[in-house]
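This briefing is meant to be read alongside the sequence and the coordinates.

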Amino acid sequence: MNSLILIAVLLVLSAIGYQMGRKRALAGTGGQIKGLHSLPSYYGSYVALWCALPALLVIAFWLALQSGIVDSLLISGLPASVQALSEGQLNLLLSDIRNLAAGDITSKTPDPMVQAAAERYNDLRSTGFAAMVVVGLALGIGGLTIGWRAINPSFRARPRVEKIVHWVLILASAIAVLTTIGIVLSLLFESIRFFNRVPPAEFLFGLNWSPQTALRADQVGATGAFGAIPIFAGTFLITIIAMLVAVPIGLFSAIYMAEYASPRFRAIVKPILEILAGIPTVVYGFFAALTIAPLFRGFGESVGLDVASESALAAGVVMGLMIIPFVSSLSDDVINAVPQSLRDGSFAMGATHSETIKQVIIPAALPGIVGSVLLATSRAIGETMIVVMAAGLAANLTANPFEAVTTVTVQIVTLLVGDQEFDSSKTLAAFALGLVLFVITLCLNVVALTVVRKYREKYD
Amino acid sequence: MTDTPANDVAARAEDRSAALVRKRYRAERRFRMYGLAAIMAALGMLTVLLFSIVSSGLPAFTTTQVALNLTFDAGDIDPDGSTDPAKLASGNYRGALLKSLRAEFPGAETRKGRRDAINMISNEVTFVMRDMVLADPSIIGTTQRVWVKSSADIDQLAKGSIDRALPESDRRVNNRQLGWFEKLEREDRVKTTFNTTFFTTADSREPEQAGILGAVVGSALTLLITLLLSFPVGVMSAVYLEEFAPKNRWTDVIEVNINNLAAVPSIVFGLLGLAVFLNFFALPRSAPVVGGMVLALMTLPTIIIASRAALKAVPPSIREAALGMGASRLQTVTHHVLPLAMPGILTGTIIGMAQALGETAPLLMIGMVAFIVDIPQSFTDPATVLPVQVFLWADAPERAFVERTSAAIMVLLTFLIMMNLFAVLLRKKFERRW
Amino acid sequence: MPEENTPEEMEVTVESNEAPGATQAPKAPPTKVNARDVNVYYADNHALKDITIEIPENRVTSFIGPSGCGKSSFLRCINRMNDTIDICRVEGKIEIDSADIYDRSIDVVQLRAKVGMVFQKPNPFPKSIYDNIAYGPRIHGMVAGKTDTDELVEASLKRAGLWEEVKDRLAQPGTSLSGGQQQRLCIARAIAVSPQVILMDEPCSALDPIATARIEELIDELRQNFTIVIVTHSMQQAARVSQKTAFFHLGELVEQGNTELIFTNPVDKRTQDYITGRFG
């Protein structure tokens, strides 16, 4: 919270800088705007930017790096015996120290080493914060002075300010690229660490998945097996079921909406259908687990089928329901993009509406429809909450939709939620699965987006 | 250039037409029916979904209270007779409560009977008693009739969710408790009230004390961070890409990249947050600030795409007019283009925020899935958010938590509907056709 | 309006009836399409007012007039293409071979097989050249088997004068042809179902002069077997291809009659102004 105050102070300072810059520019010409190169507000902005930008940037970096640096300083100050602890135990100790430092009650009476460390931790933090305040304010005032002194009536303030704004804009648009790079690097980095322990071939083609690793080194039968084929198969099975539900329903609703529905019907029903896309996936997950899964199991029992309570069918059907609007609204757009002249041409030949749709519109819209189905597939593969709540955990290699299967996303969640040391094979496996997920969905998206774009260009 | 073949065909066509046309019209009607059936199927499933949520969630908005005669025994609460608030606060209220229960429920003397009696009411009753004494010490030694909250099981019994006809072993309320409860009912000492607890507390292990306020505050803090980060950055990058960027390889890369980022599974953003924010920058786990940052990265593409569409919709003539007046490009954008595009940008932002509000998976990755009983006070406190709260409660086996899960979903959906409605109104109000 | 309108039309009709008798006119062709008091509304907009016209069989009739005068709207009434526009309402009577096409018993699908249409912009279906032609005959059940279809496709393409250019690439998409070829493909597509009337809505407006000349020749050839109605922007084109001309202005049919007469000796002041290029 204190850093918020510092930021507020800097903002006030830059507001003052704005006024000072304005005044100084106007003073140079005796209050005549005409004598200035740019409007007075640009001189103000110039000083304000000099005051705020460098300081805020430094503070941002400081805040991002501070806790890491403080932790490593703290650890290096601990006794050697403690430093030799495993990373997991060290993390536990660190969180104890942090809790104590924050004044929270710890589970046991603190031992003197932890007590001392907590004091040291508080010291380090307050020193760090003080240093940050000093550096931040110094940069702010320094920047203000530099900006202020540069100002005279012939100073070209507007181009300068616009140049800075231009760079800020470029920086903003680079964030999206940085995000992608961040995703790729973090997934790759952790995956490589995983593949150092488990060979990629075993991961990609192994048939056995049981990621428990030994708690103690001498434990028996818990080395963990990381063959991901059952997981891929489960993901595939659930995705297929979802698409079997979503594609016919989505496509036919899109056709009806675009071709048959009266404007009134469309105006009412289309937004209602789009509600499906706005419902959070956790709600679908709960619906699948609470209503659909018992329904299917009950139905299965009544006809003598053995349906697991976490069957692939229940998760797949509900996922299909969620995917419907993705298929239907994209296909609707695509069908509407088919030029009216083609419809007219077909009607003028004496074709009925359905003949026109089946033989002219669908073939014309096919690339776009394929694109929308691919995008929906990628959604289904990456969907997490429905399967976490309604599909199973056990990695069964089966094609039977009544059995429980698990998916890539379910495994990522189960491997990473809960307390565990960070660089066990188990947690690293989650990143390897994440990498596979990312690559597959990326390929689907790239293909789908290219197909759709080509299609749009054709009829634009 | 003979006309014989065409004429031949025409002659043949005349014979077959009538039957054929009937067949074609049947196909037409069938096809139309498929379309309608598909829409009805989707709407039907939506209705089932909403109905099942609402019907199972509505009971959670009420709670059952029972009137008990509570004896504020001086020997337990204030053995020294000192009326010192500090002493009073640490009195043995549980003892006093047990005595009252013994008087109230015949058969509560045995160990088992006592446990049954205690399980009739919420365990917050001792705190209620303490607060009453602190507010008015003069009630010590008296017996008061107080409406107290029942336990979750008794609440379910009162609402009829527990079938009284079931054999004792199959129901969560045993015969003794059922007898006591029916006695209270006969004496008109059971009432149903609005469940304020649900809206004023955070999570709890006890269903009757669990509320969503903690999650709502967590969601608000998280979304605030998301908005503060993604809105300016999103608008700025849209402005750059649409108004300033030269059309070259680099901007093509950014464009393709943004479109793909919009379709990356949300859980991957969670992995990014875990690897970069938690492990590399060592930011606190479970904190709204980290959740907000992850969600900001996730909503960024949505906002950029919507903003670019809004900017694109502003006709070039406006830009030309401003440039023609001698405005710089930045002035053109900030004075004319951006204000005209703002409604579209805001609509896109609200829709992005609504997505972020409903998002669960990436927050699981960064530890916002902990059991948190305190309402978060700052951006770095451990917190959870509404959808994660739904996820957590959905796991709990008690019937009372199923109810509360559905109720939390109703609250979440209400927020989402309000946000989307606002977006629609905004679009309606400022919609402009050039 | 009608009171003002009728006398003029009477006059013109009288004149056009006189004309064949006076000059050469061996025999007046029978009427194929007979429209009486047709009114068309788009929502509240009264787009066509009391149109009455007879379209002779095996002749080319052209509709001319400034843009937005309703000539295309009227054309689209003749095969009920206006049915596809929700807000459009048609009143009055249009008869083809003395049968009212707006009668309840008339089936649109069959009507349109009888009245083909060619559009302003070439609109080949996203299918092969072959399938473009075969589409109509197939949906109307006019062909049985492959050889039958092959024959019909070849005959239609030959009639449209496109056969020599495309016979080696029938499997290529229709959109791969040049603009003029696409338009002839659309004409071939229309005549494949052997309609009796072909409506052409500014068929050459998207084409270059050479392609236009080719289409105009084609229209002249087709006249022997089909009744053709063509909407055109270009008065020269109307003069070149048509035998009868009708001039539309602001939703009214101002003047109709023998093409030569309309162009050499218009009766109405507005027709005169349009033809001499004072507005348009």
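Two residues are taken to be in contact if their C-beta atoms, placed from the backbone, lie within 7 Å. The model described here is a predicted one. With that cut-off, and leaving aside residues up to four places away in sequence, Ala315(A) touches Ile238(A), Ala288(A), Ile386(A), Val387(A), Ala390(A) and Ala391(A).

**Nonpolar cores**
- The largest nonpolar core holds 278 residues, and the members that touch the most others are Ala288(A), Ala315(A), Val318(A), Ile386(A) and Ala390(A).
- Helix α8 of chain A, residues 229-260, gives the most to this core, contributing 17 residues.
- Another core, of 25 residues, lies apart from it and includes Val66(B), Phe105(B), Val133(B) and Trp180(B).

**Domains of chain A**
- Chain A is divided into domain 1, spanning 2-155, and domain 2, spanning 225-459, and the C-alpha centres of these two domains of chain A lie 47 Å apart.

**Contact between the chains**
- Chain A brings 73 residues to the contact and chain B brings 71 residues.
- On the side of chain A that touches chain B, the largest share comes from helix α6 of chain A (residues 157-197), which supplies 19 residues.
- That side of chain A is made up of 47 nonpolar, 22 polar and 4 charged residues.

**Helices α1 and α5 of chain A**
- The axes of helix α1 (residues 2-28) and helix α5 (residues 112-150) of chain A come within 10 Å and cross at roughly 10°, which means that α1(A) is roughly parallel to α5(A).
- Among the residues making this contact are Leu6(A), Leu10(A) and Leu13(A) from α1(A), together with Phe129(A), Val133(A) and Trp148(A) from α5(A).
- By class, the residues of the contact of α1(A) with α5(A) divide into 8 nonpolar, 6 polar and 1 charged.

**Helix α17 of chain B**
- Helix α17 of chain B (residues 386-395) is mostly covered, with 9 of its 10 residues buried, including Gln389(B), Phe391(B) and Trp393(B).
- The buried residues of α17(B) pack against helices of both chains, namely α10 (281-302) and α14 (385-390) of chain A, and α10 (213-244), α15 (329-358), α16 (361-365) and α18 (399-430) of chain B.

**A loop proline in chain B**
- Pro315(B) is found in the loop of chain B between α13 (288-313) and α14 (316-324), and Pro315(B) counts as exposed because 12 other C-beta atoms lie within 10 Å.
- Pro315(B) and Val337(B) are 22 residues apart along the chain, and their C-alpha atoms are separated by 8.9 Å.

Key:
Residues numbered from 1 in each chain as written. Chains lettered and ligands numbered in written order. Predicted model: local features only at pLDDT ≥ 70, side-chain atom pairs only at ≥ 80, totals over all residues. Domains from an automatic or database assignment. Helix = DSSP H or I, 4+ residues; strand = E, 2+ residues; numbered from the N terminus. Buried ≥ 20, exposed ≤ 12 C-beta atoms within 10 Å, placed from the backbone. Core = buried A, V, L, I, M, F, W, Y, C linked by C-beta atoms within 7 Å. Nonpolar A, V, L, I, M, F, W, Y, C, P; charged D, E, K, R; others polar. Axes fitted to C-alpha atoms, helices over the stretch in contact; angles between N-to-C directions. Parallel < 35°, antiparallel > 145°, perpendicular 65-115°, else oblique.
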